[in-house]
Every structure is written in structure tokens, then in C-alpha cells.
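Hello,

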Amino acid sequence: MIIAVSSKGMNKSSEFNKRFGRCDYIGLFNTETQEYSFVENDGKNQDGGAGPKAAQILIDNNVSILITGALGPNAFLATEKAGIRSFVGIGEKSIEDQVNAFKEEELMEIKQAKKGGKH
Amino acid sequence: MEITVISGKGGTGKTTIAVAMYEILSDASIVDCDVDAPNVYLTQSGDKTFTQEFFGGKKAEVNEEKCIECGICSEKCKFGAISNGVISLEKCEGCGVCTVVCPQKAISLYPYKNAEINIFKNEKGKLTLPEMEVGSDASGRLVTQLRKVAKSYNDSEITIIDGSPGIGCPVIASVTGVSKVLIVTEPTLSGLSDLKRIINVCMGLGVSCSVCINKYDLNSEIAEDIEKYCEDMKVRMIGVIPFDKTVMKAVNQRESISKHKDSKAYEAIVKITKVISNNK
Amino acid sequence: MKIGIMSGKGGTGKTTISVNLARALKIPYVDCDVEEPNGFIFLKPKVTTSQQVYTKVPIIKAQRCNGCGKCVDFCQFNALMKVGKEILTFPKLCHGCEGCSIICDNEAVEYAERRIGEIEEGYFKVDHQEVKAYRGVLDVGEPMAVPVINELLRSIDDEEYIVVDCAPGTSCNLVNTLEHIDFAVVVCEPTVYGLSDMKRTIDLLRCKGIPFGVVINKWNEEVDIVENFCEENDTAIIGKLPFSKEIATRYSKGQFISENKIYCQIFKSIYQEISNRCEVI
């Protein structure tokens, strides 16, 4: 499966980004190949609809798990519909640390949208 | 840390205070997101180090040679932006409906430049300032882009964002995701009425806000009402600033109030800046 | 004649001048500053009707939708998104162009209404005479004010004489109001901020060919930056409201200043100036 992590940089030691819709990059970890790849988040500069745009990147990359800080209402709806489960990442750790924390079942699932944005 | 200064009501002293805060802080930059009436440039200047064109959206254009003046585009346009094959740039929202309904395929959309984003540097720090065409829309998108550009080029500890009056999309775009919002209000019934609405907007967005009353001594009764309202809403009252004639004198000399360190208003702004920039 | 009271900068005195002009001359008042309407604080009208303002929001009819995503590709505002075979809608991003329904091959898009604000109509009394008052109020959290402004101005199209209290700034809120204005009163305060923003408003008015005159609010004889600018730029000053603590105090309490005979005369002479200029045109 593919695990996505909202990221500030382009490699696995980059710092985790708590924001989803406006993060700079999305890190993708493939559990089968054990490899990381990174995609730039085009949606971050949009006036509205940044969350859904970022969610589209997850859908296009067959992501099943997302690790981020919180989800706005539009992104929450989109990821829920896409069957993607989301989890809260830990502080300022690296992308790799977040993935490992998920594997160790240390992360809490996101069950609700945060307030915000144009929803 | 990003701190956005907004007001709900116009003319409460947002820009004067935002600029003073920028000058008081030791490591700060400022972004002018009051794109309809940007005034930071009046008291700040520097060398231009960066410029970027901003394409706020798309606009439609008609190929006159192909147009047969059938009027279908005018009928279908929801914004009244086409009449006799002529497009009103201000009303056109770039939705693309005309391009699809035109039987002659005579209409197309093109990216429309309606502003420039410039960064200036002076010995104090960096200023990210817009130059928007008068009558433009897409203010919300411009604010978002201004913030993004400022973020990429600023490495200061604190970024002060000078927001716009009102509660619409440019204001929303200037407060989403910031660490703190400072609402500058004034002790008038209009000020209180507008304050309530802007606090509501901030709460709806889940943004933490603090309030300061500018020119508070002009009407101490209403100033008290404002303090009480904030208490009831559990919104922090961060400070009050007395009316001070020095402020307008300074502004009219195109100087920030921070050049007048003995001004009572300046003293009050220093206190407020210290509290709000604290990392708690 | 429809008079618009506007200023590039907020807080210069648009509402002060609008409500006092309306009261002094017994002309209907319209508050188009729908994001932060304040006129009714002063006029305290009796509100007789209230009407909701709606915008359209697309609804995808699941039975007819085949998930082709043409609507998603078409939408310039990211108000639609395709997830699997389902189309999600994000109402607040929708601009109401109805393009999604036009582009759909399966008639799968319908529109529902979504409330974004309201319009109120009422009257206030001056010397036992009833004078109309109108305003638009945008719901808190709604990003787009223009649909409320347009609805408000459409609803008062029949009124021949009105004083329109405009939104601050020079962007789409004001531009949409200008359609309905015959003469613009540009309110300026004698500060560099006020002057800088006034220039933008004047540029817009010249571009639109709307006749205008400047009223200097909080005027004092020591500072003449606005007068100098107007002289150099062939711009008429049609009134000066002096800075006074009394005016500021009355304003803060939501009271009229035109009750004072001297100020009332200032408003009457502003109106006279406007009438003279409109006759000339």
C-alpha cells in the first residue's frame, strides 16, 4: 500500500508538515518496494479548494493512508469518500519517522474535520 | 510566526499599527495584504529585490472575425459580462461558459495579469507589496500568492501581515493558517458592530484572535462595552492605545509612529507587540 | 439621481456622510457595504421587509451521473472533484456560472439554492416624514459579497433618488455598485493614506466615466494635501466637513450630526453642488 505524508521537503529526512492543503510536498512511501517518492503539491497556492486539490494527488497515487496534522472540511470529505484513512503525525519529526510511527501503531486516527476555509 | 492585523471596520489604524509592530520587532518582515488600498509603501521603502507578475484568473476574449453576433454568449453569461461580442473585463469571472456555448468557437480564455508582487529590502527587513490594477477582482487569490511569495523569500522570525477591512475573501485569505490574529477596533458603535462580525469569522476559521482598542479614550463607555464583549466571547483583550495627535502628524510626514518614541500611542503599541509576539 | 458615497480608504466617513445626507435631504438610503453595514446604527429604521439572498449550488444527480468528470475538468474554481465514480461539490467555491450543467452530456447537474445573506427594507422618520432605508447583509463566513450587492441594487432600481453608502476599496464590491450610480462623492481624509487611496478611486471613476466630486472629511485648515492634489488634477471639491471632537463623539454613539444647523447646511450645500454638476452634464 501507499502511505502519504504532508512534507516540507523532498526527501525522507525532511520535516513533517502539519498542514495538508497547503503543504509544499507530499511524500509517498510504498510498503512493497520500501521506497519513497515526492510530489509537489500544486494546490498550495490556490485561493480556495487547496484541500481537495491535495486530496486529488493522493487519489491519483492510490494512497490508502495519509499522515498529516489535521484536515479541513473539504479535504476531510474528499479523503473520506476516497476511502483514505488519515492519522495525526507527531510534532516536527521526519517523514521517515512518521511512517515508522504509523507502522508501530503509535498514531491517532483523524475522525473529524477541523474548522476552516471555504466549506 | 505569522501575525495578521485586521479590523472589520476600516480606518481603525490597522496599517499604522502593523507597520509600527514591524519596526519594533527585531527580526520581522511585513506583507501588505490590503490589496485594494495598500498603504505600507507610504512609510516604508527599500531596494526592489524581486518582482513577479500575478495572473488572478482568466478572462474571456472574442475573436471578432469568427463572431457572428448571435448573442448566445450574452444569454448564457451569468455575470452580464458580454454584450454584443464585447467583454467587460471587470465583470468577466473567467468561468468559460461563453467559450463552450459559442457555436462558432469564437471565444477563448486567457490568463489575465492584474497585479504585480514586489519585494523590497531595507536595513530593517523585507517588504512584500502588491501593485494591483484598480477595479480588479481575485483579491483573495492575490493575498494567498503574496503570502506564499513572502514565505519563500523571507527568513525572518516573524511576518506581519497587514490585512484589509471587511470580512470577505481577501480577509479570509489573510488569516487562514496564521499563528495569531490581531483585530484593531475603535470605541464607536460601528466599530463594535463590525468587531462582532470579524470575531465570528475568525472563530469560524478556528484562528486564535486578540483585540486591541485604538483611540480608546475617545469614548470610554463603548471601550468598556468592547472589553465586556471580548470577555463574554473569551477573546483576549491584548491592550488599548490612546488617541494621540502625533500619529497622524507622523503619517502625514510619511513616517512610521515608531520614529516618535515619546508618543503615548507608540508606548502602547510596544507593549502590545511584546505580548503578541511572545511564542506562547 | 443616484448618488454613491465612496472612498478608497476605509474609515474616512462614508457612512457619516451618507446617513447625514440622506437625513438632511430626506432621500432614501441604501447600505451597500454588505460585509460591514453600519448605516442602520444611525438611522435606526423600522424594518418592514426582509428577503434572503441566495446563490446557486450544483447538485449531482447520482442516477444520471456516469462519473465522466467533464464538469470537474471544466470548473475554473475547483468547486467540483471526482473521487472514484462520485462527484463531490464544494458549495462555497462555486461562482454560480452553471457551466457544469452546460457541459454535462447526461443532464446530471441540477441547482439548489444556498443562502448567503439578506436584504432589509424599512423607513426612518425625519420631521414626521417617512424616508426609505435599505441594506444588504452578507452572512458571516461567506467569501463573496457581490451577489448580495447586486441583488440589493436590483431591488431598488425603481427608486429615482438614492444615497448609496458604498463598500470601501476599489475592487469588485465597488465596481459592481458603480453600475447603478449617476454621481460619485469621493470622501477623503487629509492624510497621505487617504490621498493615496483616493487616487485609486478617482482613476476608477475616470475610467468608468462617472462624474464625481470630493468631500474632505475631518478637514482642518493646516493640512492642505488634498486641496493641492485636487487643484493640480482638475478635481472639484464639493464639500468640507471639519474635524471636530463633537462630530467624532456623536458618531461614536451612533448619533446624527446633521441635527446641528451648521453641519446640516454643509450637507445641503454638498447636495446643491451635486445637483449643479449633474445639470451641467
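This is a predicted model: local features need pLDDT of at least 70, side-chain atom pairs count only at pLDDT 80 or more; totals for chains, interfaces and linings use all residues.

Residues are numbered from 1 along each chain as its sequence is written, chains are lettered from A and ligands numbered from 1 in the order in which they are written, and side-chain values use heavy atoms, with hydrogens and water left out.

Chain B as a whole

Chain B has nine helices and 11 strands (DSSP runs numbered from the N terminus: H or I of at least four residues for helices, E of at least two for strands). Along the principal axes, its C-alpha atoms fill a box of roughly 70 × 40 × 35 Å. Of the 280 residues in chain B, 59% are buried (buried is under 20% relative accessible area, exposed is over 50%, and partly exposed is in between, with a 1.4 Å probe and protein chains only). Among contacts in chain B with a separation of 6 or more, 77% join residues 24 or more positions apart (a contact is heavy atoms within 4.5 Å).

Helix α1 of chain B

This helix covers residues 14–24, and because 10 of its 11 residues are buried, the rest of the structure largely encloses it. The buried ones include K14(B), I17(B), M21(B) and E23(B).

K8 of chain A

K8(A) sits in the loop that links β1 (2–7) to β2 (25–30) of chain A. Its relative accessibility is 43%, so K8(A) counts as partly exposed. Beyond neighbours within four places in sequence, K8(A) touches E15(A), F16(A), N17(A), D24(A) and Y25(A). Q56(A) lies 48 residues away from K8(A) along the chain, and their C-alpha atoms are 19 Å apart.

Cysteines

How many disulfides does the structure hold over all chains? There are zero, taking a disulfide as a pair of cysteine sulfur atoms within 2.5 Å. For C65(C), the nearest cysteine sulfur belongs to C71(C) and is 6.5 Å away. C65(C) is partly exposed, at 22% relative accessibility, whereas C264(C) is buried, with a relative accessible area of 14%.
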